[in-house]
Amino acid sequence: MANSIQKMFCRIACVLAVFGASATAAAADTLRCGNRLVAVGDTKAEVTIKCGSPAWKDDWTDEIINNVNTADELRVSVDRERWVYNFGPNSFLRFLLFENGKLVNIATGGYGYDQAHPSIKPCDGDEIKPGLTQYEILQRCGDPSFKDSRQEERLANTSEHSKRLTITRIDEWTYNFGPNKFLRILKFENGKLVDIETGDRGF
């Protein structure tokens, strides 16, 4: 009898474990806005209806070139957008990636920001780290002293007859943190910080 009860509890525990694992996996591909659920595969219109407009948008284009230098050469463009949702300081930032208007990825960032009562803590540049988005840096440090922007085309072989042409948007922001700090020159690729350079002493 005891063995039967133990086996029954084991089966129940295994079922709950499988169910829990499935729920966790599903949660990685979903975002809840009130009582509405956003999932991979939703369109930009559906996400906007469910969650409202995002706090920030980035966009760029990748172009796939198949059968290069032949009569059958084919170019396919992929328009990408990254949306940032900020639900306040008690919730995590959510990053939504769209390809040609369809949601393909949902990622979670650090804690959000209180838009009604912005932080008055001065930014000295030490909290700027590669990987942050432009939105996160604006929330932490405010507007830069200077902005510059350009596009770069990068061609890479993906197979013998196929190449990927990536049109990358490059943004450079310069922050001046005063005479006791050096200028910080931030380089972004498609809205994400990839490099930090130090300039002359600030003023």
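1. A nonpolar core here is a set of buried Ala, Val, Leu, Ile, Met, Phe, Trp, Tyr and Cys residues joined through side-chain atoms within 4.5 Å. Buried means under 20% relative accessible area, with a 1.4 Å probe and protein chains only.

2. The model is predicted: local features need pLDDT of at least 70, side-chain atom pairs count only at pLDDT 80 or more, and totals for chains, interfaces and linings use all residues. Residues are numbered from 1 along each chain as its sequence is written, and side-chain values use heavy atoms, leaving out hydrogens and water.

3. The largest nonpolar core has 12 residues, among them Cys 123, Ile 128, Trp 173, Tyr 175 and Phe 188. Elements giving it two or more residues are α3 (134-141), β8 (162-175) and β9 (182-189). Of these, α3 supplies the largest share, three residues. Helices (H or I, at least four residues) and strands (E, at least two) are DSSP runs, numbered from the N terminus.

4. A second, separate core has 11 residues, including Leu 31, Cys 33, Val 47 and Leu 96.

5. Phe 188 belongs to the largest core. Beyond four places in sequence, its contacts (heavy atoms within 4.5 Å) include Leu 132, Ile 137, Arg 169, Trp 173 and Leu 193.

6. Asp 58 lies in strand β3 (residues 56-66). Asp 58 counts as buried because its relative accessibility is 2%. Its side chain makes a polar contact with the side chain of Trp 56 (3.1 Å). Another, also 3.1 Å, joins the side chains of Asp 58 and Arg 169. A polar contact is a pair of N or O atoms within 3.5 Å; within protein, one must be able to donate a hydrogen and the other to accept it, and residues adjacent in sequence count only if both atoms are side-chain atoms.

Methods: Buried means under 20% relative accessible area, exposed over 50%, partly exposed in between (1.4 Å probe, protein chains only).
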